[in-house]
Amino acid sequence: MENQEKAVPKASRRKFLSQALTAAGSVVVAPTLIESATAIGAEALPPPVPVAPSVAGEISVTLHINGAKKTLSIEPRVTLLDTLRERLELTGSKKGCDHGQCGACTVLIDGQRAYSCLCLAVMQEGKEIVTIEGLAKGEVLHPVQEAFIHQDGFQCGYCTPGQICASVALLDEIKRGCASAITPDLSSPPQLSNLSEAEIKERLSGNLCRCSAYNGIVAAVQQAAGHTPPSAAALVLGTATKEGA
Ligand code: FES
Ligand code: FES
């Protein structure tokens with residue numbers, strides 16, 4: 001019984017030392033083996049072939065943007081918004097939702113407003129695209145841009161390029177006699193002279209502003225339409241005429 005108890009630790013110590021040395025030897029030998037294998041493999045394999053950039057599926061498209069022609073190679077699935085921002089460095093159009101729900105990406109296509117996040121760039125060939133960068137004439141701002149500044153039509157400014165493009169289109173729609181969902185008499189759509197606050201709000205309802213600068217935005221459109229908008233103080237004090245509300 002006593003011999004059996006002593007035999008076990010001796011055998012275990014010998015086994016442990018043997019295993020430990022084997023493991024240590026493996027650690028020392030392993031890098032050598034790996035290096036040898038790598039060296040052999042390097043000799044056996046052909047030199048790496050340079051990988052060409054993935055252009056499969058790209059097609060050439062020429063876009064007319066802000067009066068200039070831009071020819072580029074893009075995949076058919078790329079949106080106009082991503083093309084403007086990522087390929088043409090026209091970052092004025094903003095990506096808010098990327099799902100057609102906020103209006104931050106609004107641009108003008110053939111004079112009509114469009115959510116550029118919902119438009120495929122390849123489908124815009126031959127159309128005239130105007131972004132916020134194309135509204136000013138040199139140093140002279142577009143009247144709607146001027147009005148947004150005068151009426152404090154923005155706070156953080158993220159939605160503002162889309163709001164301005166939509167407002168430019170809105171005023172053009174009024175000039176063309178377009179009715180809205182709330183126009184009471186379709187045979188008599190509003191004119192610039194009688195464009196109501198309610199019509200402006202309805203027609204800009206597809207452009208959201210997280211800063212809630214809506215009073216200033218509506219006032220800016222009123223100014224651009226030739227009206228005298230109520231003062232900010234009157235709006236705050238609630239003494240402004242609630243025209244069309
Ligand atoms: S980013 Fe296009 S509608 Fe929101
Ligand atoms: S000004 Fe900030 S989101 Fe409209």
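Hi everyone. What we have is a predicted model, where local features need pLDDT of at least 70, side-chain atom pairs count only at pLDDT 80 or more, and totals for chains, interfaces and linings use all residues. Residues are numbered from 1 along each chain as its sequence is written, with chains lettered from A and ligands numbered from 1 in the order in which they are written.

Let me start with the overall layout. The protein has 7 helices and 5 strands, taking helices as DSSP runs of H or I with at least four residues and strands as runs of E with at least two, numbered from the N terminus. In order, the elements go α-β-β-α-β-β-β-α-α-α-α-α. Of the 245 residues, 29% are buried, that is, with 20 or more other C-beta atoms within 10 Å of their own, C-beta atoms being placed from the backbone.

Now to helix 3, residues 143-150. Which of its residues are buried? They are Val144, Gln145, Ala147 and Phe148. Looking down the axis of helix 3, these fall within an arc of 160°, so they line one face of the helix; the arc is taken over the directions from the helix axis to the C-beta atoms.

Let's take helix 4 first, residues 160-175. The two axes, lines fitted to C-alpha atoms over the stretch in contact, with angles from 0 to 180 degrees between N-to-C directions, come within 9 Å and cross at roughly 125°. On the helix 3 side the contact uses Val144, Gln145 and Phe148, and on the helix 4 side Thr160, Ile164, Ser167 and Val168; contact here means C-beta atoms, placed from the backbone, within 7 Å. By class, that contact holds 4 nonpolar, 3 polar and no charged residues.

One last thing to look at: after helix 3 comes Asp152, with a positive phi near 50°.

Notes:
Contact = placed C-beta atoms within 7 Å. Nonpolar A, V, L, I, M, F, W, Y, C, P; charged D, E, K, R; others polar. Buried ≥ 20, exposed ≤ 12 C-beta atoms within 10 Å, placed from the backbone.
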